[in-house]
Amino acid sequence: MYLSWTAGRLDRLHTRIDAARAALDAQLLRRASVTQELATSGVLDPAASIVLYEAAHAARQAEEENREVAESELSTALRAVFGERAQVESVKEIPGGEEAASELAAAVRRVPMARRFHNDAVRAARALRRHRTVRWFRLAGHAPFPLAFEMDDEPPAALADRPGS
């Protein structure tokens with residue numbers, strides 16, 4: 001009975017990891033897409049547009065083994081361009097800029113939450129898989145060992161603030 005319950009729990013944790021990874025991928029894709037839209041909209045100066053576009057494009061096209069590095073580089077580019085509130089304010093002054101800035105701010109805020117949910121699920125599955133009973137009876141089956149998604153996801157200070165604050 002205990003083995004069956006433990007195997008079911010492990011299966012649910014693996015399902016939770018898959019769902020959390022899908023949510024994280026969706027948030028990362030949304031952040032890269034919004035960044036590319038903003039970079040090509042003409043609201044930013046040409047140098048900032050090129051930096052953001054290239055970082056977002058690299059993040060969207062990255063292979064799985066290079067994904068964490070590419071996403072971290074996009075975070076760095078966003079902090080470089082939107083490190084000061086003046087840059088965000090200049091984007092908001094242009095027609096359609098208010099919506100673009102708020103959409104980017106929302107996307108930037110959601111990535112750390114999605115990554116935290118994913119990594120919490122990974123941590124729980126790893127803890128269960130370390131138990132002797134799980135290893136001895138091979139309750140994990142052929143499921144790959146869960147890996148955390150480690151990246152620099154700190155948002156730019158000017159975008160991290162809540163709207164209206």
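In this predicted model, D153 touches S75, V111, P112 and R115, leaving aside residues up to four places away in sequence. D153 is found in the loop between α6 (132–136) and α7 (157–160), and the residue is buried, with a relative accessible area of 13%. Two of the residues it touches, S75 and R115, lead on to helix α3, where S75 has its place, and to helix α5, where R115 lies.

**D153 and its partner R115**

- The side chains of R115 and D153 meet in a salt bridge, with a nitrogen-to-oxygen distance of 2.7 Å.
- Because R115 lies in helix α5 while D153 lies in the loop between α6 and α7, this pair ties together parts that are 38 residues apart in sequence.
- The side chains of D153 and R115 also make a polar contact, again at 2.7 Å.
- R115 is buried, with a relative accessible area of 15%, and D153 counts as buried at 13%, since the cut-off for that class is under 20% relative accessible area.
- The C-alpha atoms of D153 and F117 are separated by 14 Å, and these two residues stand 36 residues apart along the chain.

**A second salt bridge of R115**

- The side chains of R115 and E150 meet in a salt bridge as well, at 3.5 Å from N to O.
- This pair links distant parts of the chain, with R115 in helix α5 and E150 in the loop between α6 and α7, 35 residues apart.
- E150 is partly exposed, with a relative accessible area of 48%, whereas R115 is buried at 15%.

**Helix α3 and S75**

- Helix α3 covers residues 67–81, and its 15 residues should span 21 Å at 1.5 Å a residue, which agrees with the 21 Å between its end C-alpha atoms.
- The buried residues of α3 are R67, A70, E71, S72, L74, S75, A77, L78 and V81.
- What covers these buried residues includes α1, α2 (46–61), α4 (85–93) and α5 (97–129).
- S75, which lies in this helix, counts as buried because its relative accessibility is 1%.
- Not counting residues up to four places away in sequence, S75 touches R31, M151, D152, D153 and E154.

- Side chains of opposite charge can pair when their charged atoms come close.
- Being four residues apart in helix α3, R67 and E71 are separated by about one helical turn.
- An α-helix has 3.6 residues a turn, so residues three or four places apart point the same way.
- Both R67 and E71 are buried.
- R67 and E71 also belong to a network of salt bridges that links them with R21, D25, R31 and E64.

**A nonpolar patch on the surface**

- On the surface, Y2, L3, W5, W136 and F137 form a nonpolar patch, with about 630 Å² of accessible area together.
- Helix α1 (residues 2–40) supplies the largest share of this patch, three residues.
- Y2 is a patch member that lies in helix α1.

Notes: Residues numbered from 1 in each chain as written. Predicted model: local features only at pLDDT ≥ 70, side-chain atom pairs only at ≥ 80, totals over all residues. Heavy atoms only, no water. Patch = residues over 30% accessible without salt bridge, like charges linked within 9 Å, V, L, I, M, F, W, Y side chains within 5 Å. Areas by Shrake-Rupley, 256 points an atom, 1.4 Å probe, with all protein chains shown as cover. Salt bridge = Lys/Arg side-chain N within 4 Å of Asp/Glu carboxyl O. Helix = DSSP H or I, 4+ residues; strand = E, 2+ residues; numbered from the N terminus. Buried < 20%, exposed > 50% of the residue type's maximum accessible area, 1.4 Å probe, protein only. Contact = heavy atoms within 4.5 Å. Polar contact = N/O pair within 3.5 Å; in protein donor to acceptor, adjacent residues only side chain to side chain. Expected span 1.5 Å × (residues − 1).
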